[in-house]
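Me: Hi! Could you walk me through the packing in this one?
Reply: Happy to, let's have a look.

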Amino acid sequence: MKLTILIFMALTIVGCQSSSSQTIAFERLSEDKVIINGDTLNKLEGNQYQKKNDSGKVEYEGTLLADKKEGRWITYYKDGSLCKEIDYSNGQQNGKFIWYFTNGSKQQEADVVNGIKHGEDKYWNKDGTLNSITTFENGEQIEIRAYKPNYINTTDTTTYNGDVIWKKE
């Protein structure tokens, strides 16, 4: 089960168009266009910017203040459905990181402080049931609690009830 949780956690860095934690490369082309990590974003109203994919659907969007990400940035799957919501403050992840399955149900929700996980990192199964909660302190894993069999490992039929399956010694 521990291996399954670790594999599940490793898979969280793969997903829709952008990673949850990355260094942001920024270049301003004009008042109405910027480049972030190689993607050209167009200015909308106020300080709102967005990137569209080749089919014209919004890939991601959010606010720039003083050329830094601010507030909630939203990423979409290629079909246009919600993929991630990430809170920023002064260009750094600060607040909630929420990732969704393509069916619209929540897959992960984590607390981030100054770009580092701090607090609970919750994972759900595709059916909406809680899978596990990992507790972090300043980016370091402290504890993992399991709730349901992991949807990735279909051979594990153990039912957990918030049991601690790993704890830092």
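**Packing and rings**

Reply: Tyr 60 and Trp 73 are both buried (under 20% relative accessible area; exposed is over 50% and partly exposed in between, with a 1.4 Å probe and protein chains only). This is a predicted model, where local features need pLDDT of at least 70 and side-chain atom pairs 80 or more, while totals for chains, interfaces and linings use all residues. Residues are numbered from 1 along each chain as its sequence is written, and side-chain values use heavy atoms, without hydrogens and water.

Me: How many aromatic pairs are there?
Reply: One, going by ring centres within 6.5 Å. The rings of Tyr 60 and Trp 73 have centres 6.2 Å apart and planes at 45°, so the pair is tilted (under 30 degrees would be stacked, over 60 edge-to-face, the rest tilted; for Trp the six-membered ring is used).

Me: And which strands do they sit in?
Reply: Tyr 60 is in strand E5 and Trp 73 in strand E6 (residues 68-76), so the pair ties together parts 13 residues apart in sequence. Strands are DSSP runs of at least two residues, numbered from the N terminus.

Me: What lies over the face of Trp 73?
Reply: Lys 69, at 4.7 Å from the ring centre. Lys 84 lies over the face of Trp 99, at 5.3 Å. The rule wants NZ of Lys or CZ of Arg within 6 Å of the centre and within 35 degrees of the ring normal.

Me: New topic: what does Val 34 touch?
Reply: Leaving aside neighbours within four places in sequence, its contacts (heavy atoms within 4.5 Å) include Phe 26, Leu 41, Tyr 49 and Leu 64.

Terms used: Helix = DSSP H or I, 4+ residues; strand = E, 2+ residues; numbered from the N terminus.
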